[in-house]
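User: I have just opened this entry and would like a guided reading of it. Could we go through it together, part by part?
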Amino acid sequence: MLSIPRIVFEASFFVVIFAGVVGLVRFRHLQPPLRYLLSLVLFTAVIEVVSRIRSNHYQSNLFLLPLDTLVEFGLLAGLYRQALSPSAVSRWLPAVAGLFALVSLFSYREQAAIEQFNTVQRFAESLLVLGLVLLYFYKVIRELAIIRLEREPMFWISVGLLVYFAGNLFVFVFSNYIIRQSSAVSTQLWGIHALLYTGLYALYAWALWIKPSTPK
Amino acid sequence: MDKTVDPEVVGLLLSGIVVMLLLALALVAFFLIYQKKLIGQQLALQTIQSAYQKELLVAAIAVEEQERKRIGNDLHDEIGSSLSAAKVLMEQVGTANSSSEKEQEIAGLVKRLLSDSVQDIRRISQNLHPAVLARFGLAKALQNLGGMYAEAFAEGLAVQVELAQPLPAMQELALYRIVQELVTNVLKHAQATRVEVQLVQQPHAVVLTVTDNGRGFDPAQAQLSPTAGLGLKSLAARVSLLDATLKLDSGPDHGTIARVEVPL
């Protein structure tokens, strides 16, 4: 019988696929920022498929994680670059993403040799994404251009990212320490991650589905 | 093969995750409440500004109407009366036995000029302040307006009014001015041969429609033009005063239908 963390872990795969299908169905109506999100969802779906195949063959898939993080941050940076435009942050975001990619690539060479979580990369990504989310909230409050937030895809994406990265910050930081101590506790922690991940992709699906209210 | 993890460490870790989640959710809740509050304040401010602008518009139009009335009355009562008196005197000059043939001819000419001037003054005075509207109401005033403009269009100006009961004076005056503005616009720009004015009372609104068979125009383009849009802006001000909606349906060589809907 499957444990609860395992059930959540399995369910998260279907939510990612569901978000991808929603995005493809709505592709023609998606605004440019949401096309970055769809690219992210589709990329995640591919990573999910590859990692599950390797997992079923008892092969490690940890080497995929830094690549997944790198592409995820790159696409989220592209998404927020458009959402925060024309602020100075949006102009500097490509440079930040480039720097993040450079550091990630250097650390990836080291991490790939020894199979463990790249905690620094994940922690840095979490802080950067949380910063972007807070900047987006600040922009919304300052401009007051959106009246119906519940019809705004970027709002739901930001809520999902805020909850996901805030909740997982400790999971990312302590993942190597915990897995060395106890695989049972590690499974529980990654079960929490899977739950938040499922919530995030459910919100991505919702953001890809809703039609933004106009005028804002 | 698993080492035992200190339960205190696991507890701290889980507490940390819960605290972070609660902080994130609290931030979202705060953001939502604060944003709604600011939007509410912004809408309230916009409502106040809009009400103030409407008050200014009402005051400006009231002053304009008063001034039109004063000028119209002065023209009619003073200059019109003087010209009428001059016309009577000129008739006496023309019919006097002592006048020569040449003098009678000049007197007749002056009399005709005076007659034309009296007519012009009546027309201008009527345009400035429609006395018929104040005395007999909108239906009669529009019929009268139709009569005034009938000769300007080859196939005439038809007026149809179906009002169950008189409207408030302010609404009647605004609707009269709207018709006046629309008909003047048709006369100036449309090269129309026929105009139809229809005013119909519906259960929840009064609907005014002015239709012409002229050359039409592009309403969006006209509103962008700084000079050509003045008439439309004036119309929009009157329409705003009535809390009404104005819809212009027009296109090149398709004539124009202007529809004003005034909620009751």
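Analyst: The discussion below takes up confidence, the individual chains, their contact and some backbone details. Please note that this is a predicted model.

User: How confident is the predictor in chain A on average?
Analyst: The average pLDDT of chain A is 86, and 94% of the residues score at least 70.

User: And where in chain A is confidence lowest, and where is it highest?
Analyst: Helix H4 (residues 88–113) of chain A has the lowest confidence, with a mean of 80. The highest is found in H5(A), at 92.

User: Let us turn to chain B. How many helices and strands are there?
Analyst: Chain B has 7 helices and 5 strands. Along the sequence they follow the pattern α-α-α-α-β-α-β-β-α-α-β-β.

User: In what order do the strands sit in the sheet?
Analyst: The order is E1-E2-E3-E5-E4 in chain B, in an open sheet of 5 strands with mixed pairing. Strand E1 (157–162) and strand E4 (245–250) of chain B are the edge strands, each pairing on one side only. On average, neighbouring strands of this sheet are turned by 10° against each other, direction ignored.

User: Do E3 and E5 of chain B run parallel or antiparallel?
Analyst: Strand E3 (residues 205–212) and strand E5 (residues 256–263) of chain B run antiparallel and are joined by 8 bridges. One pair of bridge partners is Ala205(B) and Pro263(B), the latter in E5(B).

User: Which strands does helix H5 of chain B touch?
Analyst: Helix H5 (residues 169–190) of chain B packs on the sheet and touches E2, E3 and E5 of chain B. The direction of H5 makes about 15° with that of E3(B). Helix H4 (residues 138–149) of chain B also packs on the sheet, where it touches E1 and strand E2 (195–201) of chain B. The direction of this H4 makes about 175° with that of E1(B).

User: What share of chain B counts as buried?
Analyst: Of its 264 residues, 21% count as buried.

User: Back to chain A: at what angle do H1 and H2 of chain A pack?
Analyst: Helix H1 (residues 4–25) and helix H2 (residues 32–56) of chain A pack at about 145°, and their axes are 9 Å apart. The crossing of H1(A) with H2(A) is left-handed.

User: Which residues meet there, in H1(A) and H2(A)?
Analyst: Among them are Phe13(A), Val16(A) and Ile17(A) from H1(A), and Leu38(A), Val41(A) and Leu42(A) from H2(A). By class, this contact has 8 nonpolar, 3 polar and 2 charged residues.

User: How many residues of chain A and chain B take part in the contact?
Analyst: Each chain contributes: 21 residues from chain A and 21 residues from chain B. On the side of chain A that touches chain B, helix H5 (119–143), helix H6 (153–181) and helix H7 (183–209) of chain A each supply at least two residues. H6(A) gives the most, with 10 residues. That side of chain A divides into 17 nonpolar, 4 polar and no charged residues.

User: Which peptide bond is cis?
Analyst: The bond from Ser85(A) to Pro86(A) is cis, with omega near 5°. Pro86(A) lies in the loop between helix H3 (64–84) and H4 of chain A.

User: What is phi of Gln191(B)?
Analyst: Phi of Gln191(B) is near 55°, a positive value in a residue other than glycine. Most residues other than glycine have a negative phi. Gln191(B) sits in the loop between H5 and E2 of chain B.

User: Why does Gln191(B) count as exposed?
Analyst: Gln191(B) counts as exposed because it has 11 C-beta neighbours inside 10 Å, and the cut-off for exposed is 12 or fewer.

Terms used. Residues numbered from 1 in each chain as written. Chains lettered and ligands numbered in written order. Predicted model: local features only at pLDDT ≥ 70, side-chain atom pairs only at ≥ 80, totals over all residues. Pairing = 2+ DSSP bridges. Helix = DSSP H or I, 4+ residues; strand = E, 2+ residues; numbered from the N terminus. Axes fitted to C-alpha atoms, helices over the stretch in contact; angles between N-to-C directions. Contact = placed C-beta atoms within 7 Å. Left-handed = near helix turned anticlockwise from the far one by under 90°. Nonpolar A, V, L, I, M, F, W, Y, C, P; charged D, E, K, R; others polar. Buried ≥ 20, exposed ≤ 12 C-beta atoms within 10 Å, placed from the backbone. pLDDT = per-residue confidence, 0-100.
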